[in-house]
Structure formats: structure tokens, C-alpha cells
Amino acid sequence: MTTVSNGTVMSVVASALSRGLTISEVQDAAGISCAVLMNPETRPPEDVMPRIVALIGERFPHEPVTLDIARAAPFSFFGGLADGARYADDLRAATKLLAKNCTVISDQLELTFHEGPSDAKLISSHPMNHMDGGRSAEIGSALVARLFTEFLGIADCFEHITFSHEPHCDVAHYFDYFGVPVEFCASEISLVIKPEKLDERIKQANVDLFNYVQTHLSGVKKQIEAAKEQRELKALRKAAADNAEAGVFNAASVAAVANMSVRTAQRITAEHGTTVHG
């Protein structure tokens with residue numbers, strides 16, 4: 001099971017409840033209780049975010065709900081990355097920090113920073129984007145834009161924005177939020193940054209604190225990965241037991257039931273001093 005930062009989920013849960021959705025409706029959409037969703041000590045399953053956002057979108061069609069969420073959400077949405085970014089020397093270093101540590105936000109999120117001779121961009125992808133029609137991607141992109149301009153103090157830093165899906169409301173709302181042209185049905189989801197802005201210094205830059213944050217984030221990622229592997233090992237053990245009851249004894253079937261490759265299953269079991277035979 002892959003997971004997402006609690007701060008990320010709490011932002012969309014709060015938005016759903018503030019718009020009049022009931023706790024029961026949110027729980028039904030997420031598939032887990034609000035006690036788990038709102039527990040700051042847990043990382044909920046990764047799919048609860050697009051499930052809740054899809055419900056909000058269905059309930060309020062043609063409204064700029066994703067942009068409203070991004071306007072109001074606290075920067076804890078980033079799972080601690082915002083606090084790290086503000087100590088970076090410049091926008092380039094802050095962007096690289098986001099890209100390098102994006103799994104702190106969501107296990108399967110990929111952020112790629114591309115810097116070429118004539119342009120620079122932060123490219124986003126996630127295998128669950130289809131679940132809410134790209135709405136979660138809009139929230140994430142809009143919050144990164146707000147992080148750069150409002151939190152880091154780098155004004156007017158974007159050339160344009162691209163999304164790979166169709167707009168969910170009048171495109172004027174997107175221009176009003178981002179302040180630059182926004183392209184839809186593009187080949188990628190990206191924030192295209194003005195190259196000259198990358199060297200702009202961040203007011204709270206502090207090399208000692210930035211190094212500390214990077215070390216801390218490295219530890220957080222290791223904790224997330226360790227917890228993930230414990231869950232996967234538990235899933236393998238259950239799969240093996242279920243298969244044994246059915247008289248099936250091979251690595252491929254155990255891995256398949258646990259929803260992972262044989263190679264992954266073998267690596268996880270080996271790291272915990274056991275094996276999966278096949």
C-alpha cells in the first residue's frame with residue numbers, strides 16, 4: 001500500500017467539510033474513517049486524496065474548487081518541504097529540494113526539474129491522476145506556485161503552466177490564479193519557470209538550516225520506506241498463507257496476490273531474513 005502525507009489529505013478533507021459535505025460522505029469516498037484521515041501521526045493510503053477531490057469536483061461541477069483549495073490550504077500540505085525550501089539559497093535550490101524529496105508528500109509522486117539553455121520547468125506526474133481527472137495535480141501545481149511567490153517571496157517567476165487534462169472550470173479562473181497563460185490537454189503537467197528567476201535569492205536563506213533540513217528529510221524518507229516495506233512484508237506473509245491453504249506454492253503467485261513483482265518480493269523477504277520460494 002502506498003501512502004500520502006497527512007498534511008496533504010487534511011487540506012482536502014477540511015475543504016470538503018467546509019463546503020457542506022458530511023463526515024459520512026467523506027469517509028465513504030475515502031474508504032477509511034475520518035479518525036484515520038485526520039490523525040497527524042498517520043500516512044493515509046495514497047488513493048484517498050483523489051477519491052475525496054473527485055467527490056468535491058462532482059458535487060461542485062464547473063467551479064474552481066481546486067484553486068480555492070490551493071488558496072486556503074496551509075503549507076503543511078507539502079509534508080515539511082515548504083519549511084525546507086525557505087532556507088534554500090535561491091529558487092533553483094528550493095526547486096531541486098522539492099523534486100528530490102517529493103515522495104515525502106506522496107509515495108508515487110514524481111517531480112522532475114528540467115533546466116535547459118532557454119527554459120526551466122518543474123514536471124509533475126502521478127499514476128493516480130486519472131482518478132480525479134487531474135484535479136489533485138491542479139491543487140499541487142497551484143500550491144507550488146503559491147509557495148514560490150507567497151512563501152519564498154519570488155514574484156513573477158512563471159512563463160506559463162501546462163496540464164495534460166481538460167479544464168474543470170472557465171479558463172479565466174486559471175489565468176486569474178496563476179497570472180500567466182495556462183495550456184490544457186498538453187503532453188505534460190508542468191510549471192515553466194523564467195530562467196532568470198532561478199538565481200533569485202530567497203530572503204530567509206540559511207545554509208546551516210538548509211543542510212539540517214536536507215538531513216532530516218533523508219531520514220523521513222527512510223522512515224516512510226521502512227514502514228512501506230513492513231506493510232509489504234505483511235502482505236507477502238498473508239499471500240503465502242492464503243496460497244498455502246489453496247495448495248499453491250510458488251513465488252510468482254505469492255507476489256501476484258501481494259500486488260508486487262517477484263523481484264520486489266524476493267528483495268523484501270531477503271532484507272528481513274526470510275525467502276519466498278519459486
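## Helix α1 and its cover

The cover over the buried residues of α1 includes α2 (23-30), α3 (34-37), α4 (48-59), α5 (65-72) and α8. Cover here is counted by contact, meaning heavy atoms within 4.5 Å. Helices (H or I, at least four residues) and strands (E, at least two) are DSSP runs, numbered from the N terminus. This is a predicted model: local features need pLDDT of at least 70, side-chain atom pairs count only at pLDDT 80 or more, and totals for chains, interfaces and linings use all residues. Residues are numbered from 1 along each chain as its sequence is written, and side-chain values use heavy atoms, with hydrogens and water left out.

Helix α1 covers residues 6-18. Its 13 residues should span 18 Å at 1.5 Å a residue, and the end C-alpha atoms are 18 Å apart, which agrees. The expected span is 1.5 Å times one less than the number of residues. The buried residues of α1 are N6, G7, T8, V9, S11, V12, V13, S15 and A16. Buried means under 20% relative accessible area, exposed over 50%, and partly exposed in between (1.4 Å probe, protein chains only).

Both ends of α1 have a local feature to check. At the start, a side-chain oxygen of S5 comes within 3.2 Å of the backbone nitrogen of G7. Just after the helix, G20 takes a positive phi of about 100°.

## R135: buried, without a salt bridge

R135 sits in helix α8 (residues 135-151). R135 is buried but has no salt bridge. The nearest side chain of opposite charge is D132, 6.1 Å away. Lys and Arg count as positive and Asp and Glu as negative; His and the chain ends are not counted.

The R135 side chain does make a polar contact with the side chain of H168, at 3.3 Å. A polar contact is a pair of N or O atoms within 3.5 Å; within protein, one must be able to donate a hydrogen and the other to accept it, and residues adjacent in sequence count only if both atoms are side-chain atoms. Leaving aside neighbours within four places in sequence, R135 is in contact with V53, G57, T66 and H168.

## Strand β3 and its partners

Strand β5 (residues 189-193) runs antiparallel to β3, joined by four bridges. F158 has I193 as its bridge partner in β5. Strand β4 (residues 182-183) runs parallel to β3, with two bridges. There, T162 stands opposite E183. Two strands pair if DSSP finds at least two bridges between them.

## D156 and its lysines

D156 lies in the loop between α8 and β3 (158-162). Not counting residues up to four places away in sequence, D156 touches K194 and K197. K194 forms a salt bridge with D156, with the closest N and O atoms 2.9 Å apart. The pair links distant parts of the chain, 38 residues apart, with K194 in the loop between β5 and α10 (207-245). K194 counts as buried at 15% relative accessibility.

K197 forms a salt bridge with E200 at 3.3 Å. K197 is buried, at 16%, while E200 is partly exposed, at 29%.

## Salt bridges overall

A salt bridge is a side-chain nitrogen of Lys or Arg within 4 Å of a carboxyl oxygen of Asp or Glu. By this rule the count is 16. One network links R19, E63, D68, R71 and D176. R71 and D68 bridge at 3.4 Å. Both lie in helix α5, three residues apart, about one turn of the helix. R71 is partly exposed at 38%, and D68 is partly exposed at 30%.
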